[in-house]
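Welcome! Let us walk through this structure together, one part at a time.

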Amino acid sequence: MSATILVVEDEPAIQALIEVNLRRAGHVVQLAADAETARRLVQEALPDLVLLDWMLPGMSGVDFARLLRSQARTRSLPIIMLTARAGERDKIEGLELGADDYVTKPFSPRELVARIKAVLRRHAPQATEDAVELGSLRLDPATHRVTAGSEEINLGPTEFRLLHFLMTHPERVHARSQLLDQVWGDHVFVEERTVDVHIRRLRAALEPSGHDALIQTVRGSGYRISAA
Ligand code: CA
């Protein structure tokens, strides 16, 4: 499983411990020692998950989580809070602001990696290696293969990521800007019509098996994958 995880933690030793363990688990790690830096990184590109320390210099982790939840672009970004206190009040406050899970310091790296995996499964399935199916179309991130029944479909890397994201979020309409965030990551230098180009390529690759009809254009809104 390879997800991009933004670690917001001001203590260098804990930051280093987390970084080495997440990298070992196959993740891409971004580091920020305060909320301001984290905010800038999130503006540039959405990570798959934020691991957020409760106590930070300047804006607290709790306030940063609130900020993320208050904005449409980051509302559903998975957040795991790191807290030094196991107090119930903290947990309740955290649950109200919508953190997806908690890890109390000191934590075992193994437990942390397992919690991250569980939250990704629930909230960011495109960042996991679980195979996904829609009708007779099957995409397996582990082997990087897409099949329609017994036929293999060859896709370019961008079309593969695009199809993976759509298949893990079926029936929902995704704006071009959302697809840029989720599939391209750093959308700063990419124009929205790039999405249309890759959707066209994806449809062309799916056409021989008849699966191109799964990808629907929603006028004025964006794209959706639907088996209906
Ligand atoms: Ca701290």
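How many residues of domain 1 are in contact with residues of domain 2? Seven residues of domain 1 touch 10 residues of domain 2, where contact means heavy atoms within 4.5 Å. Before going further, please keep in mind that this is a predicted model, in which local features need pLDDT of at least 70 and side-chain atom pairs count only at pLDDT 80 or more, while totals for chains, interfaces and linings use all residues. Residues are numbered from 1 along each chain as its sequence is written, and side-chain values use heavy atoms, with hydrogens and water left out.

The two domains span 4–127 (domain 1) and 132–225 (domain 2), with bounds that come from an automatic or database domain assignment. Their centres, taken over C-alpha atoms, are 28 Å apart. Between them an area of about 680 Å² is buried, 49% of it from carbon and sulfur atoms; buried area is the accessible area (1.4 Å probe) that two parts lose on being put together, summed over both. On the domain 1 side, Glu44, Leu46 and Gln126 supply 63% of the area buried against domain 2, more than any other three residues.

What else links the domains? There is one salt bridge between domain 1 and domain 2, a salt bridge being a side-chain nitrogen of Lys or Arg within 4 Å of a carboxyl oxygen of Asp or Glu. Side chains of opposite charge can pair when their charged atoms come close.

Now turn to the calcium ion, which is coordinated by Asp10 (OD), Asp53 (OD) and Met55 (O) at 2.1 to 2.3 Å. Donors here are N, O and S atoms within 2.8 Å of the metal (3.2 Å for Na, K and Ca); water is not among the atoms, so sites may look incomplete. Asp10 sits in the loop between strand S1 (4–8) and helix H1 (12–24), and Asp53 in strand S3 (residues 49–53), so the pair ties together parts that are 43 residues apart in sequence. Helices (H or I, at least four residues) and strands (E, at least two) are DSSP runs, numbered from the N terminus.

Asp53 has another partner: Lys105 forms a salt bridge with Asp53, at 3.1 Å between the closest N and O atoms. Because Lys105 lies in the loop between strand S5 (101–104) and helix H5 (109–123) and Asp53 in strand S3, this pair ties together parts 52 residues apart in sequence.
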